[in-house]
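Could you walk me through this structure, step by step? I am seeing it here for the very first time.

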Amino acid sequence: MTDFNGTPWSRKDYARRYVEAADIIVPQRRVFLHLLVSFYRRFLGGKAGRRILDLGCGDGFMTEGILRADPDASATLVDASPEMIDRAKERLKDFGNTRFVRSTLEELAEKGIAPGGFDLAFSALAIHHLEPSKKLDLFACIHSHLAPGGFFINMDDCIPPSDSLEDWYVDLWREEMTEKEEESGRKIDRERFIRRHMEGEHHSRLETIGALLKKLEEAGYREVECYYKYGMFAMYGGRR
Ligand SMILES: C[S@@+](CC[C@H](N)C(=O)[O-])C[C@H]1O[C@@H](n2cnc3c(N)ncnc32)[C@H](O)[C@@H]1O
């Protein structure tokens, strides 16, 4: 837990601020959920007893979408934050088929998680917090925990290959957050989230979509693809 304890995510107030403002901070969040559920229905629907794994689950928002689409599936949710695990338990209390694991993704990459055999592993806005070399370890670990033919999907931040593109993406992000503020009638401290995104250690861990897709291939995935990208937010994955 050492690495995680030094990050703002270990703080209860930070987790709470994220949950309250997530739909504004991540303007594409509902598009991601829509695509995730659509992907699930198309490629995994129609068979009972599917098993899913949500990495860096936060308050369980993404898993809830899948379980609503397929109440017969069972879900394992992993997060290092006790606050987030408690919130996810509360959100998913009406679904009996859930398991919660408090662990960092780095620990999970080292030790694995039993039993494996997941039909779909996914993550939203969490893996970019890992150092680049640890991402490869995690991608490989997830691959080994998928059922044959199972999928891994990551919905996450990435960086473009030039500063001028990054300036554009940050401006796009700011505009989208402003629109979401207007839609919701709520204000957030946009510039604070932008500063956090750009700040040294956080920014140094971000990678281009090209580098991330290569990492998936290196970790053994096939059918590697970027399914969607809008500015700095991308949804990509592969298959065991
Ligand atoms: C931006 S939130 C996203 C939460 C959720 N996936 C969603 O889409 O709403 C990032 C989540 O990753 C978790 N997290 C960050 N670094 C982590 C790490 N190294 N290991 C495990 N969880 C981590 C945080 O506690 C937080 O719940």
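Here is a tour that goes from the whole chain to some of its details.

Keep in mind as you look around that this is a predicted model. The chain is built from 11 helices and 7 strands. Its radius of gyration is 17 Å, close to the 18 Å that the globule rule gives for 240 residues, so the chain is as compact as a globular protein of that length. Along its principal axes, the C-alpha trace spans about 45 × 40 × 35 Å. Of the 240 residues, 40% count as buried. If you take the contacts between residues at least 6 apart in sequence, 68% of them join residues at least 24 apart.

Now turn to the ligand. There are 20 residues around the ligand, and those that come nearest are Gly56, Gly58, Ser81, Ala124 and Ala126. Helix 2 (12-25), helix 4 (61-69) and helix 6 (105-111) are the elements that each give two or more residues to this shell. By class, the shell is made of 13 nonpolar, 5 polar and 2 charged residues.

Helix 3 (residues 29-44) packs with helix 4 at an angle of about 40 degrees, the two axes being 10 Å apart, and their crossing is right-handed. On the helix 3 side you can find Leu33, Leu36, Val37, Tyr40 and Arg41, which meet Met62, Gly65, Ile66 and Ala69 in helix 4. The residues of this contact divide into 7 nonpolar, 1 polar and 1 charged.

Which residues of helix 4 are buried? They are Phe61, Met62, Thr63, Glu64, Ile66 and Leu67. Their cover includes helix 3, strand 1 (51-55), strand 2, helix 5 and strand 4 (118-124). Helix 5 (residues 82-91) has buried residues too, namely Glu83, Met84, Ile85, Arg87 and Ala88. Among the elements that cover them are helix 2, strand 2 (74-79) and strand 3 (98-102).

Setting aside neighbours within four places in sequence, Val19 is in contact with Gly58, Asp59 and Arg87. Thr104, by comparison, is 85 residues from Val19 in sequence and 19 Å from Val19 in space, C-alpha to C-alpha.

Finally, a few places in the backbone deserve a look. Most residues other than glycine have a negative phi, and most peptide bonds are trans. Ala114 and Pro115, however, are joined by a cis peptide bond, with omega about -10 degrees. Pro115 is found in the loop between helix 6 and strand 4.

Leu125 has a positive phi, near 55 degrees, and sits in the loop between strand 4 and helix 7 (132-144). Is Leu125 buried or exposed? Leu125 counts as buried, because 21 C-beta neighbours lie inside 10 Å. Glu223 also has a positive phi, near 50 degrees, but its place is in strand 6 (residues 222-230). Glu223 is exposed, with 10 other C-beta atoms within 10 Å.

Definitions and conventions:
Residues are numbered from 1 along each chain as its sequence is written. This is a predicted model: local features need pLDDT of at least 70, side-chain atom pairs count only at pLDDT 80 or more; totals for chains, interfaces and linings use all residues. A residue is near a molecule or strand if its C-beta atom, placed from the backbone, lies within 6 Å of it. Helices (H or I, at least four residues) and strands (E, at least two) are DSSP runs, numbered from the N terminus. Ala, Val, Leu, Ile, Met, Phe, Trp, Tyr, Cys and Pro count as nonpolar, Asp, Glu, Lys and Arg as charged, and the others, Gly among them, as polar. Axes are lines fitted to C-alpha atoms, for helices over the stretch in contact, and angles run from 0 to 180 degrees between N-to-C directions. A crossing is left-handed if the near helix is turned anticlockwise from the far one by less than a right angle, and right-handed if clockwise. Two residues are in contact if their C-beta atoms, placed from the backbone, lie within 7 Å. The radius of gyration is taken over C-alpha atoms; the globule rule is 2.2 Å times the number of residues to the power 0.38. A residue is buried if 20 or more other C-beta atoms lie within 10 Å of its own, exposed if 12 or fewer, and partly exposed in between; C-beta atoms are placed from the backbone.
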